[in-house]
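Here is a short report for a reader new to this structure. Look over the sequence and the model first, then read on.

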Amino acid sequence: MSLLDSEFTEAETRVGPIVVRRLTGYIGAELEGVDASAPLSEEAVATVRSALLAHKVIFMRGQSLDYESLSAFAGQFGPLTPGHPIYQAPADQPHVRVMDSRGDGTRANYWHTDLTFIEAPPAFAFLHNIVCPPVGGDTIWANTAAAYEALPPELRALANDMRVVHSNNSDYTEATYAHNPRARAEYISHTIEANHPAVRVHPETGEPSLLLGGFARSVAGHRPRAGRDVIGVLEDYATQPEFTVRWKWQAGDVAIWDNQATMHYAVLDYGTQHRSGIRVTVQGEAPVGLDGRKGFALSLPLDPAADA
């Protein structure tokens with residue numbers, strides 16, 4: 001669902017008790033009138049989902065949630081995934097990924113789409129902010145469907161036929177764990193890779209979008225340097241300011257993003273201050289290219305519960 005084809009083309013739209021307020025021309029909206037701690041009506045779920053598909057990332061302020069209520073809220077939009085394919089979640093919180101600057105040092109200050117190194121990356125992600133640094137710590141999202149549409153015809157034709165290998169041993173890992181060699185070693189102790197189309201077709205909206213980000217390591221059939229150069233050129237288009245939205249967090253915020261049509265970047269400008277939140281994700285499908293071919297695993301994750 002492109003924004004022009006949705007019901008949310010106005011700067012502010014009210015659907016029943018829910019107000020959808022656009023934040024930029026291409027991506028992002030703030031929602032009011034949604035209490036994520038309580039069950040939603042079918043109409044409310046449909047409105048939130050439609051706003052998410054149209055705007056790619058949506059935000060709600062002032063939510064009071066714990067793991068159970070966040071999971072219940074997200075579960076209204078699809079089955080939940082395990083918390084992470086590498087890290088073992090707590091036994092009583094199987095769907096959570098704790099994002100804490102004082103924990104394993106999670107920073108995510110590199111453009112990426114979540115978990116693209118597995119065969120079926122999550123469809124949607126729900127992040128509840130708990131602790132904010134006094135300054136800094138914003139997150140930026142980019143609309144990869146709008147970026148694809150804006151590509152020059154020759155570059156779009158090249159991307160249409162590309163297959164990209166995504167790996168947990170990647171530029172993302174090098175950059176975000178540079179400060180913590182032990183965490184980096186754990187993250188890449190077992191290689192997980194998948195082959196995906198560089199341009200995927202959204203399973204709900206039918207929109208084509210770029211599927212790249214920090215886990216994209218090489219282009220199938222190209223020499224390593226040439227492939228990385230092409231990936232870099234395409235990502236430069238995807239991360240142009242025109243296609244992005246930047247969110248200044250407050251404690252209690254919830255961000256929901258369509259992981260099938262976005263990349264994001266957590267800005268590391270808060271020094272040693274504390275930043276923490278919890279994330280759950282909704283199951284996705286193996287990405288499908290314009291030619292109908294699906295993404296597939298090259299090497300599988302280990303079962304995090306196997307050593308429990």
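Accessible areas come from the Shrake-Rupley method with a 1.4 Å probe; for residues, only the protein chains shown count as cover. On that basis the chain exposes about 13,300 Å². Carbon and sulfur atoms supply 52% of this area.

## Ground rules

This is a predicted model: local features need pLDDT of at least 70, side-chain atom pairs count only at pLDDT 80 or more, and totals for chains, interfaces and linings use all residues. Residues are numbered from 1 along each chain as its sequence is written, and side-chain values use heavy atoms, with hydrogens and water left out.

## Overall build

The chain has 7 helices and 17 strands. Both are DSSP runs, numbered from the N terminus: helices are H or I with at least four residues, strands are E with at least two.

The radius of gyration is taken over C-alpha atoms, and the globule rule is 2.2 Å times the number of residues to the power 0.38. For 308 residues, a compact globule would come out near 19 Å; the chain has 18 Å, which agrees. Its C-alpha atoms fill a box of roughly 55 × 45 × 35 Å along the principal axes.

Of the 308 residues, 54% count as buried. Buried means under 20% relative accessible area, exposed means over 50%, and partly exposed lies in between (1.4 Å probe, protein chains only). Contact means heavy atoms within 4.5 Å. Among contacts with a separation of 6 or more, 82% link residues 24 or more positions apart.

## Two nonpolar cores

A nonpolar core is a set of buried Ala, Val, Leu, Ile, Met, Phe, Trp, Tyr and Cys residues joined through side-chain atoms within 4.5 Å. The largest one has 33 residues. Leu31, Val48, Phe73, Phe126 and Ile256 have the most contacts inside it. Elements that each supply at least two residues include β2 (18-22), β3 (29-32), β6 (124-131) and β14 (254-258). Helix α1 gives the most to this core, with 7 residues.

What does Val48 touch, leaving aside its neighbours within four places in sequence? Val48 is in contact with Ile18, Leu31, Val34, Leu40, Ile58, Phe77 and Ile256.

## Helix α2

Helix α2 is mostly covered: 6 of its 8 residues are buried. They are Tyr67, Ser69, Leu70, Ser71, Phe73 and Ala74. These buried residues pack against β4, β6, β14 and β16.

At the start of α2, a side-chain oxygen of Asp66 reaches to within 3.3 Å of the backbone nitrogen of Glu68.

## Strand β7

In a regular strand the side chains alternate between the two faces of the sheet. Both faces of β7 are covered. Thr139, Trp141 and Asn143 are buried on one side, Ile140 and Ala142 on the other.

Two strands pair if DSSP finds at least two bridges between them. β7 (139-143) runs antiparallel to β13 (244-247), joined by 4 bridges. Here Ile140 stands opposite Arg246. β7 also pairs with β15 (262-266) in the antiparallel sense, over 5 bridges. Asn143 stands opposite Thr262 in β15.

## A buried glutamate

Glu207 lies in the loop between β10 (199-201) and β11 (208-210). Is Glu207 buried or exposed? It counts as buried because its relative accessibility is 16%.

A polar contact of 2.5 Å joins the side chains of Glu207 and Lys56. A polar contact is a pair of N or O atoms within 3.5 Å; within protein, one must be able to donate a hydrogen and the other to accept it, and residues adjacent in sequence count only if both atoms are side-chain atoms.
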